[in-house]
Amino acid sequence: MNLYKVGFSFIILLAISCSSVKTTQDQDDYKNHNWDELIDADLTKWDTFLSYQHQPGYDGSQPKNEKGELIEPIGLNKPGYDVFTTFNEGDDVVIRNTGEYYGCLITKGEYENYHFQLKYKWGDKKWAYRKDLLMDSGILYHSVGPMGVEYWRSWMLSQEFQIMEGHTGDFWSQANSAIDIRAYKPESVLDPLAHESQDFLPIGMGSPYRNYCLRSGNYEKPNDEWNTLDLYCFDGKSIHVVNGEVVMILKNSRYIEEDGKSVPLTKGKIQLQSEAAEVFFKDIKIRKIDALSEKHKALFN
């Protein structure tokens, strides 16, 4: 028997075993609470808000009719608009979002310190404003206050985990929200680019870097395949994960009042955007977390 080979093999097996234990431990850090399934055939855990079918040339002002009169948004839970419907695909309940009108699904519950997960894939239809643009949607988290307070008059004050062709994982601040993101400083017409190697930049209302940041990389699957998104939120920190890859590290979630005062923004409802593009969602679920995993904590050091 070659003792050197036996010893070497033992070291390799020990290393593999330790690696497996660490991986399992990272996963176990999020298993203290059960998942709450947020999707059923009747969407009983959601409300619906619809605003407008925005047209090319929209400039942020309230739309008007042919007589020049202001048009009111469609509103909350208005019947007769089948923008969000469900169907069965095997054992899965799938939400179809036609995208025909701007608006959102809104959770009836509010959440703080959680791990949120969903799967999405694109449909084929695009409407009005996005006919010649990329397909678009998003997860709006820490959503508070009235509807329609941002540029598109469609959503609540919130932080956005972008869902968009080639841009899934990007960040937008909605209305007067702000947050700090590990990102490269922009130059000229460039936008900030998220990367774990960089210091945190303030993004949002009043920031010299404006209210948008690109994700660190593109990890999306083809449009007809399901993508898995994970959003971790804890004590004002958040992490955007696309198909298992961390694409953005964020902290100090807040909103800015008219007098410039910064107010923590760490909990609220979750909105799923309807934004002139057809998209499908499934396996939407959330669970409370008591802390970030050691692996995720290290991203903020």
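## Close-up views of selected residues

**View 1. D36 sits in the partly exposed class, at 30% relative accessibility.** This is a predicted model, so please read every close-up here with that in mind. The salt-bridge partner of D36 is K45, with 2.7 Å between the closest N and O atoms. K45 has a relative accessibility of 31%, so K45 counts as partly exposed too.

**View 2. K119 and D283 pair up through their side chains in a salt bridge, with N and O 3.3 Å apart.** The two residues come from distant parts of the chain, 164 residues apart: K119 belongs to strand β8 (residues 114-126), and D283 to strand β21 (residues 277-288). Are these two buried or partly exposed? K119 comes out at 25% relative accessibility, which makes it partly exposed. D283 is at 22% and gets the label partly exposed as well. Buried would need a value under 20%.

**View 3. R215 and D170 make a salt bridge between two loops.** Their closest N and O atoms lie 3.8 Å apart. Here again the pair ties together distant parts of the chain, 45 residues apart. R215 is in the loop between β15 (212-213) and β16 (227-234), while D170 is in the loop between β10 and β11. Both R215 and D170 are buried.

**View 4. D47 is a buried acidic side chain that has no salt bridge.** Look for D47 in strand β2, which covers residues 46-50. Which side chain of opposite charge is nearest to D47? That would be K108, at 4.3 Å. D47 does have a polar contact, though: its side chain meets that of N77 at 3.1 Å. Setting aside neighbours within four places in sequence, the residues in contact with D47 are L76, N77, C104, L105, I106 and K108.

**View 5. The second largest pocket holds about 350 Å³ of space.** Its lining is made up of 18 residues. Nearest the centre of this pocket you'll find Y151, W152, W172, Q174 and E275. Strands β10 (157-164) and β11 (171-174) each put at least two residues into the lining.

**View 6. K64 is an exposed lysine in the loop between β2 and β3 (75-76).** The relative accessible area of K64 is 55%, and anything over 50% counts as exposed, which is why K64 gets that label. Leave out neighbours within four places in sequence, and K64 is in contact with E69, L70 and I71.

**View 7. A128 and R210 each have a positive phi without being glycine.** For A128, phi is near 35 degrees. A128 lies in the loop between β8 and β9 (136-144), and with a relative accessible area of 17% it is buried. R210 has a phi of about 65 degrees. You'll spot R210 in the loop between β14 (200-204) and β15. Its relative accessible area is 41%, so R210 is partly exposed.

How values were computed
Residues are numbered from 1 along each chain as its sequence is written. This is a predicted model: local features need pLDDT of at least 70, side-chain atom pairs count only at pLDDT 80 or more; totals for chains, interfaces and linings use all residues. Side-chain values use heavy atoms; hydrogens and water are left out. Helices (H or I, at least four residues) and strands (E, at least two) are DSSP runs, numbered from the N terminus. Buried means under 20% relative accessible area, exposed over 50%, partly exposed in between (1.4 Å probe, protein chains only). Lys and Arg count as positive and Asp and Glu as negative; His and the chain ends are not counted. A salt bridge is a side-chain nitrogen of Lys or Arg within 4 Å of a carboxyl oxygen of Asp or Glu. A polar contact is a pair of N or O atoms within 3.5 Å; within protein, one must be able to donate a hydrogen and the other to accept it, and residues adjacent in sequence count only if both atoms are side-chain atoms. Contact means heavy atoms within 4.5 Å. On a 1 Å grid over the protein atoms alone, a cavity is a set of points where a 1.4 Å probe fits but cannot get out, and a pocket is an open set with protein on both sides within 12 Å along at least five of seven lines; lining residues have an atom within 4 Å of a point. Grid points are joined across faces, edges and corners, and a volume is the space filled by probe spheres set on the points.
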